[in-house]
Amino acid sequence: MTDITLAPIQPDQPSHLMATYGRQAISFVRGRGAYLYTEDGTEYLDALTGIAVCGLGHAHPVIAEAIAEQAATLVHTSNLFEIPWQTAAAQKLAEVSGMEEIFFSNSGAESNEGAIKIARKFGTQQGVRLPKIIVAEQSFHGRTLATLSATGNKKVQDGFAPLVNDFIRVPFGDVEAIQEAALQHPDIVAILIEPIQGEGGINTAPQGFSYLEEVRNICNQHNWLMMLDEIQTGNGRTGKYFAYQHTNIVPDVLTTAKGLGNGFPVGAVMTQGKAVGLLGPGSHGSTYGGTVLGSRVVYTVIDTIQKENAVENAAAVGRYIVDQLRAQLVDKNIQVRGFGMMIGIQLPKDCAELVAIARDQHKLIINVTAGSVVRLLPPINMTQAQADDLLERLVALINNYL
C-alpha cells in the first residue's frame, strides 16, 4: 500500500471546499466498531454512526475485506451488462424487504427521486394529467430539487424557488387530514411518508405504527401508491429490518439507503404489487447505481446483519437504552422515544450546544435535531457493555446540563 501522510491543515489555510456544512473542529482518522479515533489516539464513543449510516460500526472486518477484494478485482462495468453481484444483492434485499423489484441508486435522495417518478408514472397511466403526492409536515426526503420540495422543512427549501409543484402537505399522523385532502384533490396518486421522522425529531405518529395501517387502508380505498421513505429507519435500525415490519402491511414503494452500505454510498428504490413494472428501459437509470463494487457491499452488509443477528440485537439493546434513560434522567419533563437504535431524547429547552459539550467533555458523538431533541443512532450491533458506556456518558451530560 502506498504510504501517504496528509499534512495537518493550518487554521489560516484557505479551503477550496464549498461552505455547505457547518463542520465541527475535529477530524477522525480511524474507527473500530462503536468508537472513533483522532490523530493523537483520543477515543470517542460514536452514538451517531455517520447519521445512521454505519449500522455495523466502523471498519467492520467482513465489509472491509469484501470492499478490498472486489476493488482489486472489478469495480465497474456499467448497467449495459449483466452484473451478477447486483442480481445477488437484489435477491437478498427482496428477501428481507418483501418487495419484488429493486433499482439501485447512489443515495437516499436519488431513491426518493425514483419513488416520485414512479408515482407520477403511475398517475399518468391512470389518466391523471397532473399527479399529486401527499407528504407530511416536518418530513425530510432529501436535497435534490424534487425531494427538498417534498420535504416539510422550509429551511432547506429557502432560496431554491420555484419548487417542484404538486406536493400536498398534511400533519404527520393526521389521518383525517389525509381524507380531507382526498376530497379536495381528486388527482392524488400516492402518499410518501417516513415511518418515523428522523430529521424531524424522532417523531412517531400519535397512534404509533398503526398509523401506517390506516394509511395503507386509505391508499387501497383511493387506488393510491403507498410509498415509505425508510432511508433512515431501514436496515435494522428500529429493531425490524424495515420499520413497516412492526405492522402487517406492505408498501407499494419502499426506499432505503444509509445503513444499506455501512458507509459505502448506495441506495435503493423497491416496488411490489401495482407499482411493479412502472419503470422500464429508458425511463430511469444511473451511471453508478448498482456497480459491481456497490452491489457486493450491499450483499455483504445484509448477509452480515443476518449472521450477527444484528436486527434482534438492535431491538433488545435499544429497548435497554430507552428504559435506562427513562429511569436515570432526573428531569421528568424529558421525553424519551424511539425504536431499536433510533432514539430521541426531547429536552424541555433548545440544546444545540450539547453537541460540543458531549464531544469535548464526555468524548461522545451525538446530534441535536429539531432544536431540542438529542438524537442517538448507535450501531445496531452495539454490545451491552458499549450501551452502558453510552449511558454513563450521556446521563451525566444531560443531568448536568439541566
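The model is predicted: local features need pLDDT of at least 70, side-chain atom pairs count only at pLDDT 80 or more, and totals for chains, interfaces and linings use all residues. Residues are numbered from 1 along each chain as its sequence is written, and side-chain values use heavy atoms, with hydrogens and water left out.

**First stop: the seven-stranded sheet**

Please select strands β4 to β10. They form an open sheet with mixed pairing, in the order β4-β10-β9-β8-β7-β5-β6. Helices (H or I, at least four residues) and strands (E, at least two) are DSSP runs numbered from the N terminus, and two strands pair if DSSP finds at least two bridges between them. Strands β4 (101-105) and β6 (167-170) stand at the edges with a single partner strand each, so one side of each has no neighbour in the sheet. Neighbouring strands here are turned by 20° against each other on average, direction ignored; axes are lines fitted to C-alpha atoms, for helices over the stretch in contact, and angles run from 0 to 180 degrees between N-to-C directions.

Next, select residues 225-229 and 253-256. These are strands β8 and β9, which pair in the parallel sense over three bridges. Asp229 has Thr255 in β9 as its bridge partner.

**Second stop: the four-stranded sheet**

Select β11, β12, β15 and β14. This open sheet has the order β11-β12-β15-β14, with antiparallel pairing. Its edges are β11 (335-339) and β14 (367-369); each has a single partner strand, so one side of each is left without a neighbour in the sheet. The twist averages 25° from one strand to the next.

Within this sheet, three bridges join β14 to the antiparallel strand β15 (residues 373-376). Val368 has Val374 in β15 as its bridge partner.

Select Arg296 and Glu69, whose side chains meet in a salt bridge (2.8 Å, N to O). The pair links distant parts of the chain, with Arg296 in helix α9 (residues 292-307) and Glu69 in helix α2 (residues 61-71), 227 residues apart. The structure holds nine salt bridges, each a side-chain nitrogen of Lys or Arg within 4 Å of a carboxyl oxygen of Asp or Glu.

Select Ala7, Pro8, Ile9, Ile26 and Ser27, which lie nearest the centre of the second largest pocket among its 23 lining residues. The volume of this pocket is about 810 Å³. Its lining has 13 nonpolar, eight polar and two charged residues.

On a 1 Å grid over the protein atoms alone, a cavity is a set of points where a 1.4 Å probe fits but cannot get out, and a pocket is an open set with protein on both sides within 12 Å along at least five of seven lines; lining residues have an atom within 4 Å of a point.

The structure holds two cavities of 30 Å³ or more. For the largest cavity, of about 50 Å³, select lining residues including Ala52, Leu56, Arg237, Val301 and Ile380. Finally, select Pro195, Thr204, Ala205, Gly208, Phe209, Tyr211 and Leu212, which line the second largest cavity, a space of about 40 Å³.

Conventions. Grid points are joined across faces, edges and corners, and a volume is the space filled by probe spheres set on the points. Ala, Val, Leu, Ile, Met, Phe, Trp, Tyr, Cys and Pro count as nonpolar, Asp, Glu, Lys and Arg as charged, and the others, Gly among them, as polar.
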